[in-house]
Protein chains: 2
Amino acid sequence: MSTGFTVAIAGATGAVGAELIRLLEERDFPVRQLKLLASPKSVGKSLEFKGELVGVELLSNGSFQGVDLALFSAGAGTSKQFARNAVESGAVVVDNSSAFRMDDGVPLVIPEINPADLSSQKGIVANPNCTTIIALMGLYPLHREFGVRRVVASSYQAVSGAGARAINELSFQTHAHLRGEKYVPEVFPHPIAFNVLPQVDVFSESGYTREEIKFVNESRKIMHHPALRASITCVRVPVFRAHSVAVHAEFERPVSVEQARGVLAKFPGLEVIDNPGAKQYPMPLNCAGRNNCQVGRIRVDSALDNGLAFWVCGDQLLKGAALNALQIAENLLR
Amino acid sequence: MSTGFTVAIAGATGAVGAELIRLLEERDFPVRQLKLLASPKSVGKSLEFKGELVGVELLSNGSFQGVDLALFSAGAGTSKQFARNAVESGAVVVDNSSAFRMDDGVPLVIPEINPADLSSQKGIVANPNCTTIIALMGLYPLHREFGVRRVVASSYQAVSGAGARAINELSFQTHAHLRGEKYVPEVFPHPIAFNVLPQVDVFSESGYTREEIKFVNESRKIMHHPALRASITCVRVPVFRAHSVAVHAEFERPVSVEQARGVLAKFPGLEVIDNPGAKQYPMPLNCAGRNNCQVGRIRVDSALDNGLAFWVCGDQLLKGAALNALQIAENLLR
């Protein structure tokens, strides 16, 4: 293992961290040394990588000496505290949090969409919000061909977006609900079992949540389309790990269902599952564990001019987080 | 019990039938005699009404002799087969199915919205689709004040909309999933536990489902607004009995959040639950068992002109079906 890179994962014990470790191995990423970093409560744990146990170390300012690539997935606060330090230590940071996404000097990248933006990186590259990534995997290929003017969307977001504790909370609450037992929500503000919550992240003054605002701002930045008009309702649903988004979009030029299917079918990382007669369409249960996003329910929108409606699903922990981050890293190495 | 009406319920043993029986009692509807009608497999069962057991009889052409009011909730096929016969026997029919909703001579009524349409009834009044009712309880008050031009919506529909067997299927599949056991979906085309299905009802040639087309056509008819442009994605979610709809609407005239809240707060049958700072908004778990619909997440829409986004919830079996049907009957009696 003398060739390759020293890779650090900040937030190694979280839901995204686990996928990062697995994907580094699965994709044969050139890892010379892997450093697993986490908060004090996880120090002392060990996680398996390529058949060997790697101990979890305390995330600190000294953690990044000799690190080539630092993958951050421990929340915006941790990124703000440690990412600049990692860059000063010589690492390139791929940050899964919202900390730097809208910063001017920080590229915000979905490798299938705007890989060229990576050339302007000054040490930090931001991984977009999961719902934004999954929605744009369906929207961008159509935008490139037909020019999107506005988009109205609604999300059906899995609990994995709120981390490993949220996944446990859905299981726990579901058991309790079926047994008729009471429980107190801990991760989410309200029960998530057999319920849907029209709140993801905190509210802003405008009445939109931060998650909803991220979708608008990040879509504009990623697609280089500052004039895009966009609105979304982000909703948490009792699903474990794949997000779905219902997208209704208006384009500059007319677009037929056949044209749309053709354009979408050619886009890397995306599968068209759209056979209504056979009841085939993307569903989050089928998308869980898959690298590709899936798009279907493609139809001419009856409310918008040059409009198209469609439905995209993607694994929140993979394309929505760990996979996209690693694809960014792979592109940086090239 | 010499005063009052002879009331028949066709489909008495279904999920909506059970609510109709309960509501007739709760609302002190003037029932002289109650006839419970169902298919052969339910004949012989007894259901309680006002402390007495009422036997379930076979639904047949002879069932409606002497019946004043016939409440149908046994699917479009049954309504098509028996409703005209009930009218010929002298009954007024309130039909919960889609059989007659778009017929010219059949009023399609939400009593808070278009009660005057009842005056044109010729024996059959149609109860609208559940998602349409719940969405319009939020949209119509705003339309009356600001003139809706177009609406783009997404639904989060409870399993109760597919009947009592669907409610059992969600419980059964959830248990099986948590135990790691396999199961075969029976009511829904795919697993509903920990999944969402972007299909409600069957597909049309346009790629829209019938449920989605109902929303467009029924909204136009109920609001007397044939020029309305509307588009919806209807999605089944693992929730037991209340539907939610994310609505993004464009109006003729500018509308502020404060104006919208004021208009919505005054509308009968609707509660405004909209305090984002305290994480208060409508949720299906809280709406289950409630007569009123709830609206919240009211904000200026960032993609539409004179746009407003909001979120409505309502109990599918109550305002989405049995309660609305009974309110129609109460209006007919006045």
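The paragraphs below take up the interface and then the cavities.

This is a predicted model, in which local features need pLDDT of at least 70 and side-chain atom pairs count only at pLDDT 80 or more, while totals for chains, interfaces and linings use all residues. Residues are numbered from 1 along each chain as its sequence is written, chains are lettered from A and ligands numbered from 1 in the order in which they are written, and side-chain values use heavy atoms, with hydrogens and water left out.

The size of an interface is often given as the accessible area lost when the parts come together. Here chain A and chain B bury about 5200 Å² between them, 61% of it on carbon and sulfur atoms, where buried area is the accessible area (1.4 Å probe) that two parts lose on being put together, summed over both. In terms of contact (heavy atoms within 4.5 Å), 61 residues of chain A touch 61 residues of chain B. There are 8 salt bridges between the two chains, a salt bridge being a side-chain nitrogen of Lys or Arg within 4 Å of a carboxyl oxygen of Asp or Glu; Arg229(A) and Asp305(B) form a salt bridge through their side chains, at 2.8 Å from N to O. Several elements give two or more residues to the side of chain A that touches chain B, among them helix 4, strand 9 (229-233) and strand 10 (242-251) of chain A. Strand 8 of chain A gives the most to that side, with 7 residues, and by class the side has 35 nonpolar, 17 polar and 9 charged residues.

Rolling a probe the size of a water molecule over the atoms shows where empty space is left. A cavity is a set of points, on a 1 Å grid over the protein atoms alone, where a 1.4 Å probe fits but cannot get out, and its lining residues have an atom within 4 Å of a point. A search of the whole structure finds 2 cavities of 30 Å³ or more.

The largest cavity has a volume of about 40 Å³, and residues of both chains line it, including Leu170(A), Phe194(A), Leu170(B) and Phe194(B). Helix 4 (164-179) of chain A and helix 4 (164-179) of chain B each supply at least two residues of this lining, which has 8 nonpolar, 2 polar and no charged residues.

The second largest cavity, at about 30 Å³, has among its lining residues Val16(A), Phe72(A), Asn96(A) and Ala325(A). Helix 1 (15-26), strand 5 (69-72) and helix 8 (318-333) of chain A each supply at least two residues of that lining.

Terms used. On a 1 Å grid over the protein atoms alone, a cavity is a set of points where a 1.4 Å probe fits but cannot get out, and a pocket is an open set with protein on both sides within 12 Å along at least five of seven lines; lining residues have an atom within 4 Å of a point. Grid points are joined across faces, edges and corners, and a volume is the space filled by probe spheres set on the points. Helices (H or I, at least four residues) and strands (E, at least two) are DSSP runs, numbered from the N terminus. Ala, Val, Leu, Ile, Met, Phe, Trp, Tyr, Cys and Pro count as nonpolar, Asp, Glu, Lys and Arg as charged, and the others, Gly among them, as polar.
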